[in-house]
Amino acid sequence: MTAAACGLTSGSPMVDDVEPGSIGRGEPLEGAKLTVTSKSFTEQLILGAIMGIAFEAAGAEVVDRTGIQGSIGSREAVVKGEADAGYEYTGTAWITYLGHSDPITDPHEQWEAVKKEDAGNGVTWLPPARLDNTYALAMNQANHRKYRTNTLSEVAALSKSNPSAVTLCVEVEFANRADGLRGMEETYGMDVPSRNITQMDTGIIYTQTAKGSCTYGEVFTTDGRIKSMNLVVMDDDKDFFPNYNAAPMINTKTLRKWPAIPDVLDPITKKLDNAVAQELNAKVDVDGEDPHQVALDWLKQEGFVK
């Protein structure tokens, strides 16, 4: 799919000097002109670069259209054929794009449902990663030693036995979402008084939680700051939060034309989990590295490309 053919005016060529490693042997995408897209936050920029570099190693010419603001833009680009592929999240597709209010608890069933329904929109979902960028509560090491909670059920028990111990730092959106604070409290029987809940911007939550200004902070499970600040994430032992597993979302016409795309991407997707995402995200958000370079370094380190 060429940029001219689909009226694409933005985006620039990827020009990495890469060769096939364990993926892309025989360059099965030689002759392909593929446009890769992503949203604008760190993890998406890295995943978009990973996909594009993989396509390059397999012989394709790649147009980089990563970094689109908001969720809808990158999604619509793939649906309309203005872009060919991007990594997307199953929960976002199910709830935001396909309009369902209730997430599916089992991650594989969630992906299956998205794949089945989105086929009607001309979009094919390839197998998902274990990488699950969902909500969680986290605490610093000192509070972990003090209160010894490891699950949200234990946080709920603590909120009853020692109400003043459970203070929360959360985003405004999380405080008001059915799949956020309200739903979590209901599912776990947690009753945290409003005076114990402070609403703040995402970045500040991590620093305040690390300092112990609040016992628990709302975090995203793949955020690099969890690792860099040595925070302890509470296990969602009742599987309340939706699954946001990353998976390649491919324009179906593109996939029919280039059926080798799954062979190129599947081994990479299988390697992506929360630990990998935290490490790569931290290189950008904590160490200040470039997302594209982080993606390239990781693909080489894993032997996917040379």
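D239 counts as partly exposed, at 47% relative accessibility (buried means under 20% relative accessible area, exposed over 50%, and partly exposed in between, with a 1.4 Å probe and protein chains only). The model is predicted, so local features need pLDDT of at least 70 and side-chain atom pairs count only at pLDDT 80 or more, while totals for chains, interfaces and linings use all residues. Residues are numbered from 1 along each chain as its sequence is written, and side-chain values use heavy atoms, with hydrogens and water left out.

**Residues with positive phi**

- D239 is not a glycine, yet its phi is positive, at about 50°.
- D239 sits in the loop between β10 and β11 (246-251); helices (H or I, at least four residues) and strands (E, at least two) are DSSP runs, numbered from the N terminus.
- N230, also a residue other than glycine, has a positive phi near 60°.
- The loop between α10 (224-228) and β10 (232-233) holds N230, which counts as partly exposed at 45% relative accessibility.

**The largest pocket**

- The largest pocket contains about 680 Å³ of space. A pocket is an open set of points on a 1 Å grid over the protein atoms alone, where a 1.4 Å probe fits, with protein on both sides within 12 Å along at least five of seven lines; lining residues have an atom within 4 Å of a point. Grid points are joined across faces, edges and corners, and a volume is the space filled by probe spheres set on the points.
- Its lining has 24 residues, and F41, Y89, N133, Y135 and F220 lie nearest the centre.
- At least two lining residues come from each of α1 (42-57), α3 (90-97) and α13 (274-285), and α3 gives the most, with 4 residues.
- By type, the lining comprises 6 nonpolar, 10 polar and 8 charged residues (Ala, Val, Leu, Ile, Met, Phe, Trp, Tyr, Cys and Pro count as nonpolar, Asp, Glu, Lys and Arg as charged, and the others, Gly among them, as polar).

**The second largest pocket**

- About 390 Å³ of space lies in the second largest pocket.
- This pocket is lined by 21 residues, and D132, T134, D236, D239 and N243 are the closest to its centre.
- Two or more lining residues are given by each of α4 (107-118) and β6 (135-139).
- The lining of the second largest pocket divides into 9 nonpolar, 7 polar and 5 charged residues.

**The sheet**

- Five strands form an open sheet with mixed pairing, in the order β8-β7-β9-β6-β10; two strands pair if DSSP finds at least two bridges between them.
- The edge strands, β8 (197-199) and β10, each pair on one side only.
- Strands β6 and β9 (residues 216-220) run antiparallel and are joined by 4 bridges, and the bridge partner of L137 in β9 is E218.
- The pairing of β7 with β9 is parallel, over 2 bridges, and C169 has G217 as its bridge partner in β9.
- Of the 5 residues of β9, 4 are buried, which leaves the strand mostly covered.
- Helix α9 (residues 202-211) lies across β6, β7 (168-170) and β9, and runs at about 135° to β9. Axes are lines fitted to C-alpha atoms, for helices over the stretch in contact, and angles run from 0 to 180 degrees between N-to-C directions; contact means heavy atoms within 4.5 Å.
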